[in-house]
Structure formats: structure tokens, C-alpha cells
Amino acid sequence: MEASLENLSSTQKDELMSTIKQKIAIANAQELVTKMTEKCFKKCVGKPGQDLDSSEQKCIAMCMDRFMDSWNVVSRALTQRLQQEQYKG
């Protein structure tokens, strides 16, 4: 594999990296939605039925907002830390 990567042009390497980054971003988004759905459903829905009552809907909306806010805070902190490490090295 390493030998075949060496045969790629700079443009091809850039395209490959872009594709890999896109796939990682998609996987991260899917993981976010899955975790958020599992945690908020477990927290907010006592007895699953055909419909959510208004308190369950409100709980889920607030839970999802908090989850996304937390995710964004962690993502920003991680990005800053990675950038700092990159500049050091």
C-alpha cells in the first residue's frame, strides 16, 4: 500500500485526503446522531407509544440542544488543541 501511495501525484494525494476527510466527517455525523438519539430517547421517553406527548417532545428538543452544544464545545476545544500541537511540532 505504501509503495502505491508513493506513485500518486500531489493532486491525487490531495484528492485522496479530501475523500478520506469527507468519509470521516460523515461517520462522525452519523455517530453524533446515533448517540444523541439513544441518549435523549432513553432520558425522555418513559413508555414508547405511537406518539410523543408534549412533555416528551419538549424534553427531547432540549436534550438534543444540550447534546449539540456540548458536542460543539468539545469539538472546538479539540480543534484548538490539535492546532496548538501542530504549531509546536
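**Contacts and helices**

Tutor: Neighbours within four places in sequence set aside, Cys44 is in contact with Glu56, Cys59, Ile60 and Cys63, contact meaning heavy atoms within 4.5 Å. This is a predicted model, in which local features need pLDDT of at least 70, side-chain atom pairs count only at pLDDT 80 or more, and totals for chains, interfaces and linings use all residues. Residues are numbered from 1 along each chain as its sequence is written, and side-chain values use heavy atoms, with hydrogens and water left out.

Student: Where does Cys44 lie, and is Cys44 buried or exposed?

Tutor: Cys44 lies in helix 2. Helices are DSSP runs of H or I with at least four residues, strands are runs of E with at least two, and both are numbered from the N terminus. Cys44 is buried, with a relative accessible area of 9%; buried means under 20%, exposed over 50%, and partly exposed in between, with a 1.4 Å probe and protein chains only.

Student: What separates the C-alpha atoms of Cys44 and Glu56?

Tutor: A distance of 5.6 Å, although the two residues are 12 residues apart along the chain.

Student: At what angle do helix 2 and helix 3 cross?

Tutor: The axes of helix 2 (residues 10-44) and helix 3 (residues 54-88) cross at roughly 140° and come within 9 Å. That makes helix 2 oblique to helix 3. Axes are lines fitted to C-alpha atoms, for helices over the stretch in contact, and angles run from 0 to 180 degrees between N-to-C directions. Angles under 35 degrees count as roughly parallel, over 145 as roughly antiparallel, 65 to 115 as roughly perpendicular, and the rest as oblique.

Student: Which residues make that contact?

Tutor: From helix 2 they include Leu32, Met36, Cys40 and Cys44, and from helix 3 they include Cys59, Ile60, Phe67 and Trp71. The residues of this contact divide into 11 nonpolar, one polar and five charged. Here Ala, Val, Leu, Ile, Met, Phe, Trp, Tyr, Cys and Pro count as nonpolar, Asp, Glu, Lys and Arg as charged, and the others, Gly among them, as polar.

Student: Changing topic, what is the secondary structure of the protein?

Tutor: There are three helices and zero strands, in the order α-α-α from the N terminus on.

Student: What radius of gyration does the protein have?

Tutor: The protein has 20 Å, whereas a compact globule of 89 residues would have a value near 12 Å. The radius is taken over C-alpha atoms, and the globule rule is 2.2 Å times the number of residues to the power 0.38. The C-alpha trace spans about 60 × 30 × 15 Å along its principal axes, and buried residues make up 10% of the 89 residues.

Student: How does Ser18 count by accessibility?

Tutor: Ser18, in helix 2, counts as partly exposed because its relative accessibility is 35%.
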